[in-house]
Amino acid sequence: MTESSTPMAPAAFSYPGHGANAGVGVAICHGFTGSPLSVLPWAEHLASLGHAVSVPLLPGHGTDWHDLARHSWQDWYGAFEAAYLDLAARTGSCFVAGLSMGGTIALRAAARHRVAGVAVVNPGLSFYDRRVRYIGVLKHLQRTTVPLREAESTAAATQDGDYSVTPLHAVHQLRKLFTATLRELPDVEAPTLVFKSDTDAVVPPSSLELLRNRLGSRELTVVRLPESGHVATRDVDAPLIFAQSARFFREHTALSAVQSTVPAGTEHP
């Protein structure tokens with residue numbers, strides 16, 4: 001196999017599955033202004049294990065900031081929900097996963113559907129910049145802002161489109177998505193696995209605290225990522241994410257299979 005010097009273009013990723021894991025699906029959502037390239041190594045790892053995997057390209061992403069400004073958070077969520085439902089219809093057990101805003105969207109899907117489990121990396125529910133509370137007014141006074149970037153990121157770079165600036169309309173939509181998801185977190189009953197970077201210049205620690213306080217699931221596991229920044233799926237701790245999420249999917253698929261064979265009315269020990 002030879003490596004190409006041509007950067008990969010942002011595109012949706014899909015794999016039908018093979019072997020014993022073909023009936024176990026994982027729908028993965030990328031983050032704000034990102035693309036499936038940011039989670040592609042994760043998706044490919046799960047596909048190599050035989051899982052059926054779907055990573056949609058969200059509307060307004062993988063293109064340019066003008067396109068992003070034309071879409072709402074409902075468009076982003078709707079695209080992922082459609083991908084999840086399609087995958088769930090083709091598999092016996094289906095999980096949701098995501099990075100950053102993609103984690104937020106995955107959590108909202110888990111609140112609305114009976115997913116087998118949730119695995120998210122640095123999910124966003126709050127902002128560092130307090131000015132975002134005024135974004136509904138600011139977007140009328142200023143069309144764009146400089147995108148957030150980590151000063152010393154060790155994550156492999158991807159070419160996700162022309163987002164040299166971020167439209168404030170899209171930031172406003174992101175805030176609305178956070179608000180809507182926070183309201184629905186108590187409805188998430190599925191086991192949830194969260195990977196959180198110790199150093200994350202994009203998503204503040206308050207997002208994890210909000211998740212801990214509002215999540216309805218009785219099973220929440222948080223895994224620290226000591227060596228990675230925000231896009232941890234392409235950073236030093238990526239192998240840890242891949243291994244532990246695969247184990248999480250395996251264990252909860254097995255648990256679901258056991259529970260489905262227990263006769264109605266039988267008490268669990």
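Hi everyone, let me start with a cysteine: Cys94 is buried, with a relative accessible area of 6%. Buried here means under 20% relative accessible area, exposed over 50%, and partly exposed in between, with a 1.4 Å probe and protein chains only. Cys29 is buried as well, at 0%.

A word on what we are looking at. This is a predicted model, so local features need pLDDT of at least 70 and side-chain atom pairs count only at pLDDT 80 or more, while totals for chains, interfaces and linings use all residues. Residues are numbered from 1 along each chain as its sequence is written, and side-chain values use heavy atoms, leaving out hydrogens and water.

Now the strands. Helices (H or I, at least four residues) and strands (E, at least two) are DSSP runs, numbered from the N terminus. Strand 5 covers residues 118–121; Val118 and Val120 point one way, Ala119 and Val121 the other, and all are buried. In a regular strand, side chains alternate between the two faces of the sheet. Strand 5 pairs in the parallel sense with strand 4 (residues 93–99) over four bridges; pairing requires that DSSP finds at least two bridges between the strands. Four bridges also join strand 5 to strand 8, again running parallel. Val118 stands opposite Val96 of strand 4, and its bridge partner in strand 8 is Thr192.

On to the helices. Why call helix 6 largely enclosed by the rest of the structure? Because 12 of its 17 residues are buried, among them Leu168, His172, Phe178 and Glu184.

In helix 7 (residues 206–214), Ser207, Leu208 and Leu211 are buried. They cover an arc of only 100° around the axis, which puts them on the same side of helix 7; the arc is that of the directions from the helix axis to the C-beta atoms. The buried residues of helix 7 pack against helix 4 (101–112), strand 8 (192–197) and strand 9 (220–225), with contact meaning heavy atoms within 4.5 Å.

Last stop, Leu68, which lies in helix 2 (residues 65–68). Leu68 is buried, with a relative accessible area of 0%. Not counting residues up to four places away in sequence, Leu68 touches several residues, including Phe32, Trp76, Tyr163 and Ala170. The C-alpha atoms of Leu68 and Thr166 are separated by 8.5 Å, although the two are 98 residues apart along the chain.
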